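Trainee: Please show me how to read a structure such as this one, feature by feature.

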Amino acid sequence: MQKILRMNKLYWLLIAVPIAIIGEFTQMPPLTLFLFACVALIPLAGLIGESTEMLSERTGPRIGGLLNATLGNAAELIITIVAIKEGLLELVKASITGSIIGNLLLVLGASLFLGGLKYGRQKFDRVRAGQNSTMLLMALIALAIPSLFSESIGPETSPRVEALSLGVAACMIVIYALAIFYSFKTTADTPLTRPSVEHGHAKNLWSLRTSLIVLGVATVAVVFLSELLVGTVHPIVKQFPFITEFFLGIVLIPIVGNVAEHIVGVQVALKNQMDLSVEISVGSSLQVALFVAPVLVFVSLLFGHPLTLVFNQFELIAMIAASVITALVSSDGETNWLEGAHLLMVYVMLALAFFFLPA
Amino acid sequence: MQKILRMNKLYWLLIAVPIAIIGEFTQMPPLTLFLFACVALIPLAGLIGESTEMLSERTGPRIGGLLNATLGNAAELIITIVAIKEGLLELVKASITGSIIGNLLLVLGASLFLGGLKYGRQKFDRVRAGQNSTMLLMALIALAIPSLFSESIGPETSPRVEALSLGVAACMIVIYALAIFYSFKTTADTPLTRPSVEHGHAKNLWSLRTSLIVLGVATVAVVFLSELLVGTVHPIVKQFPFITEFFLGIVLIPIVGNVAEHIVGVQVALKNQMDLSVEISVGSSLQVALFVAPVLVFVSLLFGHPLTLVFNQFELIAMIAASVITALVSSDGETNWLEGAHLLMVYVMLALAFFFLPA
Amino acid sequence: MQKILRMNKLYWLLIAVPIAIIGEFTQMPPLTLFLFACVALIPLAGLIGESTEMLSERTGPRIGGLLNATLGNAAELIITIVAIKEGLLELVKASITGSIIGNLLLVLGASLFLGGLKYGRQKFDRVRAGQNSTMLLMALIALAIPSLFSESIGPETSPRVEALSLGVAACMIVIYALAIFYSFKTTADTPLTRPSVEHGHAKNLWSLRTSLIVLGVATVAVVFLSELLVGTVHPIVKQFPFITEFFLGIVLIPIVGNVAEHIVGVQVALKNQMDLSVEISVGSSLQVALFVAPVLVFVSLLFGHPLTLVFNQFELIAMIAASVITALVSSDGETNWLEGAHLLMVYVMLALAFFFLPA
C-alpha cells in the first residue's frame with residue numbers, strides 16, 4: 001500500500017511515455033531520447049510495483065510474498081533482458097552492480113541522512129540488520145567466486161566459465177529461496193521484500209482484473225521503452241566520448257531503476273519507520289544480487305548471448321565497499337545523519353572513479 | 001570423553017586398513033586404493049585422538065591441554081608431512097586450506113543446519129565467538145602476508161621468501177602459544193582445543209601404558225597409510241584428467257581428515273551444546289592454520305623440500321570467504337538452520353570453482 | 001593537559017637539536033645524523049602539541065577542537081611536506097601508511113598489552129569504538145579507490161589520475177569535517193582529537209603570547225630538522241643496501257612521528273582510562289588518513305610535485321589488515337593483553353614483510 005500512496009504524485013511523468021515514443025520516430029537526438037525514456041520508465045516501474053502489490057493483497061501473504069520477491073524489480077529485469085538481447089553484456093553487468101550499490105549507498109544513504117537530520121538518532125531491529133548483512137555477504141561471495149576464478153579458468157566465453165557461472169547462479173537462487181522460506185516460517189511478513197505498512201484502506205484495492213491489466217500494459221510499455229533506451233546507448237557513447245558505456249550502465253541507468261525505492265525509502269525514513277526504510281533499500285539490493293542476477297544468467301541462454309557472473313575488479317570493489325560500509329553502519333541498530341552522509345560520500349567517490357575510467 | 005563414545009561406532013572401519021595394505025601389493029587401481037586408504041585413516045585418526053585424550057586425563061588439565069593443542073590434528077600433520085617428503089608442496093598447501101575451510105563451512109555448517117532444524121534458534125557464548133573471530137583474522141593476516149608480498153620479493157624458492165615464511169611461521173606459533181596461555185590463565189579448560197564434556201565415567205579410562213601403545217601403533221599405521229594415499233595422487237591425476245592435484249588436496253583429502261570433527265560436531269549440535277560444537281569446528285580450523293601450518297614450514301626444512309606460506313589467490317579467497325562468513329554468522333551468539341545452510345552453500349560454490357580450475 | 005605533564009620528561013631530548021645541526025655541518029655519517037634528527041624531532045613534536053593545546057585552552061572548546069583537529073599531527077605534516085618538496089613522493093606515501101598502521105598496531109597494541117597485563121580486562125565505550133571503526137573504513141575506502149582504479153586509468157602522473165586523487169581528497173576533507181561537526185553537535189569534546197583529561201591545574205597554562213612563540217619556534221625547528229632528516233634518506237639507502245627508502249618511510253620515520261602518541265597512550269592505559277587511550281591512537285590514525293593525506297595532495301600542487309592517493313598494494317594490504325584487526329578487537333568494548341599482543345604481532349609480521357621487499 002505504502003508505495004501506491006506515494007507514487008501517485010509521480011504518475012504525471014507518464015506524459016514522457018508518448019513523448020519518448022514520438023521521439024523515437026522523429027530522430028530526436030539520442031541523449032534527449034535517453035532522458036525521456038528514463039523519465040517514462042519511472043512511473044511505469046511504479047505501476048508494475050503497484051499492480052504486483054495489489055495482486056499480493058488478493059492472493060494472501062504467501063503467494064503475495066513470492067510475487068514481491070520475484071517481481072519486485074520487474075522493470076530492472078526487463079531493461080536488462082532487453083540489453084542482453086542486444087548483446088550489451090557489459091552494460092547489463094554494470095547496471096546490476098549499479099543497482100546494488102545505488103540501493104545501498106544512494107537510497108539508504110539519503111534515507112539515513114534526511115531521517116537523521118529530522119530525528120537525530122533513529123533505531124531499527126539489530127537482528128534483521130544482521131541477517132541482511134549476512135545475505136549481503138553471501139551475495140558478495142557468490143558474485144566474487146566466478147569473477148575471481150574465471151581468469152585462471154579460461155576466456156569469459158569458455159564452456160567451463162559458463163558452467164561455473166550457471167552452477168553459482170543455481171546456488172544463488174537456492175540461497176534466495178531458502179531465505180524467503182525461512183522468513184515465511186519465522187515471521188508473518190516477507191522480510192526480503194517490501195512489507196506493506198498500512199492495511200487500513202482496503203477501499204483503494206484494485207480488482208484482480210484491473211491489477212492484471214495494469215501489470216500487463218505496464219510491462220509491455222516497459223519492454224518497449226527499454227528497447228528504445230538501450231538503442232540510444234551506442235549513439236550516446238559515440239557522440240560524447242567522456243561518457244562510457246560502463247558509466248551509463250553503472251551510474252545512470254540504475255538511478256532510473258531505483259527512483260521508486262529512493263522516494264519511498266526516504267519518505268518512510270522521514271516518518272521514522274527505519275525498519276521499513278532499511279528493508280526497502282537493502283532488500284532491493286539483495287533481490288537484484290541474489291535473484292535478478294542469477295535469473296539473467298539463465299534467461300540469457302535463450303537469447304544466444306550467454307551472460308556470465310564474471311564482474312570486473314571495479315564492480316567487485318564497488319560492491320565490497322558498499323556492502324561492508326552498509327553492514328558496519330547498520331550493525332548497531334542505530335543510525336544518524338553522519339552515517340547517511342558516509343554512505344553518500346562513498347557513492348560520490350565511486351561515481352568519480354567510474355567517471356574517470358576509460359572505455 | 002565425548003569423542004571416544006562417538007567414535008566407537010566407526011571402529012569397524014578399521015577393516016579398511018588391511019584391505020588397503022593388501023591393495024598396495026596387489027596393484028589395486030589407484031582410485032580404489034585411494035578410497036580404501038581414506039576410509040582406513042578415519043578410525044586411525046579417531047584412535048590417535050582417543051589416546052591423546054586418555055593421556056590428557058592422566059596428565060592433568062595443563063599438560064592435557066597442551067597435548068590436545070599440539071596433537072589434536074595429528075593425523076592431518078602426518079599426512080601432510082608424508083606429502084612434503086614426497087615433494088608434493090602444492091598438495092600440502094591445498095590440504096591446509098581445505099582443512100581450514102572444511103571445518104568452518106562443512107563441519108560447522110552441517111552442525112548449525114541440523115541443530116537448527118531440530119531446535120530452531122541455538123545460542124552460544126558471544127565472547128568466545130568474538131575471540132575465535134579475532135584468532136581467525138590473525139591466521140588470515142599471517143597466511144596472507146607471505147602470500148601477497150612474495151610475488152614482489154622473488155620466486156617461491158628464493159631465500160628471502162623462505163626467510164619471510166619462517167619469520168611469519170614463528171610469529172604464528174607465538175600467537176597460538178599466547179592464546180593457549182591466555183586461556184589457561186582465564187579459564188579452567190583450554191578453549192582452543194576440544195573440551196571434554198562428560199567426566200562421569202572414569203571407568204572407561206585407559207591406563208597410561210595402553211594409551212601410549214595405542215597412540216604409537218595408530219601413529220605408525222597412519223604414517224604407512226599416508227604414504228600409500230600420497231602415492232596414489234599422481235596415478236589418479238594422470239588417469240582422470242578432470243581431477244587435478246589441487247582439487248584432490250583442497251576438497252577430497254581434508255574431508256577425510258575432518259570426518260571425526262564432522263561426526264562429533266554434528267552430534268554435539270544435535271544435543272544443543274552449541275558452545276562445544278562451535279569449539280570443535282572453529283578450534284580445529286585455528287589449530288590447522290596457526291599450529292599445523294607453521295610447524296610444517298619448520299619440519300619441511302628437515303626433508304629438503306622447504307614449504308613456504310605462499311598460498312595462491314584461490315586458496316586465499318576461499319579462506320577469506322570462509323572466515324568472514326563464519327565470523328558474521330557467529331557474531332550474534334545465535335544460530336539457525338538458515339545460517340548453517342549459508343555456510344554449506346559457500347562450500348558448494350567454492351568446491352565448484354575448485355573443480356573447474358585447470359591444473 | 002595530559003600531554004604536557006607526560007612530555008616534560010622528554011624535553012632533555014632537545015639536546016639532540018644542536019647536535020643534529022652541528023652534525024649537518026660537520027659531515028656526520030648519514031645514519032648517525034638521521035638518528036639524531038629523529039631524536040630531536042620527538043621533543044619538538046611534543047612542543048608543537050603542547051602549544052596547540054595551550055592555545056585551545058585559551059580559545060574555547062570549538063576553536064580549540066578545530067586547532068587540535070588540524071594541528072594535532074603538525075610535525076608529521078611538516079616532515080611530509082619537506083619530503084614532497086624534495087620530490088620523495090614514495091617516501092611520503094609510505095610514511096602516511098606507516099603512521100596509520102603504527103598508531104593502530106604499535107601504539108594501541110602496546111597500550112592494550114601493558115594495560116591488560118596490569119588490569120586484566122579493560123572497558124571502553126562501544127559506541128565510540130563503532131564510530132571509529134566506521135571512520136577507519138571510510139578512510140580505507142577513500143584511499144583504496146584511487147589506488148585500485150588508477151592502474152586502469154593511466155600512469156600515476158596522468159591528468160585523469162590526478163583529477164581522481166584531487167576529487168577523492170576533497171571528499172575525504174568533507175568526511176573529516178562532517179565528523180568533527182557531528183561531534184561538536186552531539187558531545188562537548190571533540191572525539192576525533194585528543195581530549196584533555198584533567199582540567200584542575202589551570203596554573204600551568206601558558207599565556208597566549210608564550211604559546212604562539214613556542215609554536216612558532218618549534219615549527220621552524222621542525223622544518224629545519226625535517227630538511228636535514230629527509231636529506232639523509234638517499235645517502236643511507238645508498239650506504240646500506242638492505243634498507244630501502246620504502247622501509248625507512250613505512251617503519252622508521254612513523255615511529256619517530258608517533259613517539260608522543262605512544263608514550264601518552266600507554267601512560268593513559270596504565271591509568272585504566274581506555275576511552276582516552278583508544279582515542280589517542282585511533283584518533284591520530286584517522287587524522288593522518290582523513291586530514292593529513294588529503295591536505296598533502298593539495299599542498300603538493302604548490303611544489304610542482306603533485307602527490308596522488310595511489311598507494312601500492314602492500315600499503316593497502318597493511319592498512320586493511322591494521323584497520324580490520326583494530327575494528328574487531330575494539331568491537332566488544334573490552335580489551336585484554338592478548339588483544340594487545342595480537343595488534344603487536346600483526347605489526348611485527350608486516351614489518352618483516354616490508355623489510356624483505358626489494359627496492
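Trainee: What should I know before starting?

Mentor: This is a predicted model, in which local features need pLDDT of at least 70 and side-chain atom pairs count only at pLDDT 80 or more, while totals for chains, interfaces and linings use all residues. Residues are numbered from 1 along each chain as its sequence is written, chains are lettered from A and ligands numbered from 1 in the order in which they are written, and side-chain values use heavy atoms, with hydrogens and water left out.

Trainee: How do I read an interface, and how many residues of chain B are in contact with chain A?

Mentor: The size of an interface is often given as the accessible area lost when the parts come together. Contact means heavy atoms within 4.5 Å, and buried area is the accessible area (1.4 Å probe) that two parts lose on being put together, summed over both. Here 26 residues of chain B are in contact with 25 residues of chain A. The area buried between these chains is about 2,500 Å², and carbon and sulfur atoms give 82% of that area. W337(B), M349(B) and F356(B) supply 26% of the area that chain B buries against chain A, more than any other three residues.

Trainee: Which elements of chain B supply at least two residues each to that side?

Mentor: They are α12 (313-330) and α13 (337-356) of chain B. Helices (H or I, at least four residues) and strands (E, at least two) are DSSP runs, numbered from the N terminus. The most comes from α13(B), with 14 residues. By class, this side of chain B has 22 nonpolar, 3 polar and 1 charged residues. In that count Ala, Val, Leu, Ile, Met, Phe, Trp, Tyr, Cys and Pro are nonpolar, Asp, Glu, Lys and Arg are charged, and the others, Gly among them, are polar.

Trainee: How many salt bridges are found across the interface of chain B and chain A?

Mentor: The rule finds 0 salt bridges there. A salt bridge is a side-chain nitrogen of Lys or Arg within 4 Å of a carboxyl oxygen of Asp or Glu. There are 2 residue pairs in polar contact between chain B and chain A, both at pLDDT 80 or more. A polar contact is a pair of N or O atoms within 3.5 Å; within protein, one must be able to donate a hydrogen and the other to accept it, and residues adjacent in sequence count only if both atoms are side-chain atoms.

Trainee: How do I read a helix, and how far does α4 of chain A reach?

Mentor: The expected span of a helix is 1.5 Å times one less than its number of residues. Helix α4 (residues 74-85) of chain A has 12 residues and reaches 16 Å from its first C-alpha to its last, close to the 16 Å expected. Of its 12 residues, 10 are buried; buried means under 20% relative accessible area, exposed over 50%, and partly exposed in between (1.4 Å probe, protein chains only). The buried residues of α4(A) pack against α3 (30-71), α5 (89-119), α8 (208-239), α9 (245-257) and α11 (274-302) of chain A. Just after α4(A), G87(A) takes a positive phi of about 80 degrees.

Trainee: How do I read a salt bridge, and how many does the structure hold over all chains?

Mentor: Side chains of opposite charge can pair when their charged atoms come close. Over all chains the structure holds 18 salt bridges. In one of them, E227(B) pairs with K85(B), with the closest N and O atoms 3.0 Å apart. E227(B) lies in helix α8 of chain B and K85(B) in helix α4 of chain B, so the pair ties together parts that are 142 residues apart in sequence.

Trainee: What about a pair within one helix?

Mentor: An α-helix has 3.6 residues a turn, so residues three or four places apart point the same way. K93(B) forms a salt bridge with E90(B) at 3.6 Å between the closest N and O atoms. Both lie in helix α5 of chain B, 3 residues apart, or about one helical turn. K93(B) is buried at 1% relative accessible area, whereas E90(B) is partly exposed at 40%.

Trainee: Where is E334(C), and is E334(C) buried or exposed?

Mentor: E334(C) is in strand β2 (residues 334-335) of chain C, and is buried, with a relative accessible area of 18%. Its side chain makes polar contacts with the side chains of R121(C) (3.5 Å) and K123(C) (3.4 Å).
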